[in-house]
Amino acid sequence: DVSDVQLAPLCTLAGTSCAGRLSGRIEASGTTAAPRLALTATGRDVAAGPVAGTTIDARMRHEHGRATGTVTIASLGASVVAWGGAPAPFPGRRSESDALDLTITARDLALNRLPGWAARILARARGRLRADLHVGGTWAAPRPTGTLALRAPMLELVAPGAEWENVDIEL
């Protein structure tokens, strides 16, 4: 069990910068040949790169070389929820299945943060992103299905003169 661990020193050790607090629990059971792990963790006031004031909740299990569970990321009224299962074998071990079975739902993601993540492409952006996706297949050949919807009153690309208004895209 850990409670209110400051993330900044851990990120410094990893060679990056971040802030926030982490609380959680890891439970280990099974055998060395068939380990089982359960993780419950919450990050509060997480800040990394252009993202600040974020809460991350994770409820994960690892068994037979697969990770299953739910991760929720919430920030400034928006949220991303990912749940399902994916192969995640320990080094030197195999997964019981290579199949991906992940669902990702995003609501009201503000586009104004995108330039911080894609600074070479976007100069400025306003609007919202919504996603309802399922990812099947494998890590080597993922098969996404679902909907991505972008509603942007303004997108300004880094390329000179590339400013778009009233962009509505649904895939």
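**Exercise 1.** State how many salt bridges the structure holds, and examine those of Arg25.

Solution. The structure holds 11 salt bridges, each being a side-chain nitrogen of Lys or Arg within 4 Å of a carboxyl oxygen of Asp or Glu. This is a predicted model, in which local features need pLDDT of at least 70, side-chain atom pairs count only at pLDDT 80 or more, and totals for chains, interfaces and linings use all residues. Residues are numbered from 1 along each chain as its sequence is written, and side-chain values use heavy atoms, with hydrogens and water left out.

Step 1. Arg25 forms a salt bridge with Asp1, with the closest N and O atoms 3.1 Å apart. Arg25 lies in strand β2 (residues 19–30) and Asp1 in the segment before β1 (2–6), so the pair ties together parts 24 residues apart in sequence. Strands are DSSP runs (E, at least two residues), numbered from the N terminus.

Step 2. Arg25 also forms a salt bridge with Glu27, at 2.9 Å between the closest N and O atoms.

Step 3. Asp1 is exposed, at 71% relative accessible area, whereas Arg25 is partly exposed, at 41%. Here buried means under 20%, exposed over 50%, and partly exposed in between (1.4 Å probe, protein chains only).

**Exercise 2.** Find which residues form the largest nonpolar core.

Solution. Step 1. A nonpolar core is a set of buried Ala, Val, Leu, Ile, Met, Phe, Trp, Tyr and Cys residues joined through side-chain atoms within 4.5 Å.

Step 2. The largest one has nine residues: Leu111, Leu122, Ala125, Leu150, Ala152, Leu155, Leu157, Ala162 and Val167.

Step 3. Its largest share, four residues, comes from β9.
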